[in-house]
Amino acid sequence: MTQQSSTGALTEAVYYILLSLQVSRHGYGMMQFVQELSNGRVQLAPGTLYGALSSLVERGWIQALDGTGRKKEYEITEAGREALRSELRRLEELVRHGHEWTKELDT
Amino acid sequence: MKTKTVYRIFVDYEKEEKWLNEMVQTGWALESFRLMRYVFKQVEPGSYTYRIELLSNLPSHPESKAYMAFLNEVDVEVVDTSYRWIFLRKRTSDGPFQLYSDFDSMIQREKRIIQLYGAVLAANFVVIVANLSNPFAQWTILLNVVVVAMLAYAVQHHTRKMRTLKGLKAIGEMKSSD
């Protein structure tokens, strides 16, 4: 359900899911991690999270682990790591430009 | 355990969801649903939040099953299913309950709703046209006209909602507090 082109910006949900999956987690674990990391600002609702996970698996950025546990766990793939790194570079550029062009505002 | 049965018809699920949440505030939690028939069980008032979801496939479809299994993992209980609709609830003690937290997935939901309502509307319209020349079908036609009018209103409401969501999405990300 989460759509973006291969070069475009990630949605906030996808960005935080990828961040959280650097260690394997199940859905509930991702929701809690993201909520704690963002001090409650970013909430992943179940329908949105599920749709994003399906899209990310399809894209090959994350994979489901064949665990024996009741809850399905996921982890990031190398392609997912690359997507995360490229997004981080894009965000750093945005932040740098933001600071450069709002200097007169920062008094 | 006290239960009560209520018969009601809703054309739009939004009003139905609102009603279910009002019922649970007064201590009656939905336990099962079958064609207009709602069975409630007495609970501590406000102990659940209800949401109604429209699946992309029937509940027996593997994709639907995987989604429902996922919902169970995150403390969401599937109370009952009816065609592609599922009735969900979460304990209020487990936190707030929204199904969607970004514009993309909300737009997708509106699309599913509009498509379903549009198909039912079209089917009713066909019945009206087919019965026009039938003198014994006046009351059927009247009923169909009422259904068509209500569905047309619902389609328009959800189309407007989808347009608003698309407009907001063009500007930025959703705030979680929304």
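Student: What should I know before I start?

Tutor: This is a predicted model, where local features need pLDDT of at least 70, side-chain atom pairs count only at pLDDT 80 or more, and totals for chains, interfaces and linings use all residues. Residues are numbered from 1 along each chain as its sequence is written, while chains are lettered from A and ligands numbered from 1 in the order in which they are written.

Student: At what angle do H1(A) and H3(A) pack?

Tutor: Axes are lines fitted to C-alpha atoms, for helices over the stretch in contact, and angles run from 0 to 180 degrees between N-to-C directions. Helices are DSSP runs (H or I, at least four residues), numbered from the N terminus. Here, H1 (residues 12-20) and H3 (residues 46-59) of chain A pack at about 70°, with axes 10 Å apart. Since 65 to 115 degrees counts as roughly perpendicular, H1(A) and H3(A) are therefore roughly perpendicular to each other.

Student: Which residues make the contact?

Tutor: Two residues are in contact if their C-beta atoms, placed from the backbone, lie within 7 Å. H1(A) brings Ala13(A), Val14(A) and Ile17(A), and H3(A) brings Thr48(A), Ala52(A) and Leu56(A).

Student: How do H1(A) and H2(A) pack?

Tutor: H1(A) and H2 (residues 27-37) of chain A pack at about 105°, axes 10 Å apart. Tyr16(A), Ile17(A) and Ser20(A) of H1(A) face Met30(A), Phe33(A) and Val34(A) of H2(A) in that contact.

Student: How many residues does each chain give to the contact between chains A and B?

Tutor: Chain B gives 17 residues and chain A gives 21. On chain B's side, H2(B) gives the most, with four residues.

Conventions: Helices (H or I, at least four residues) and strands (E, at least two) are DSSP runs, numbered from the N terminus. Angles under 35 degrees count as roughly parallel, over 145 as roughly antiparallel, 65 to 115 as roughly perpendicular and the rest as oblique.
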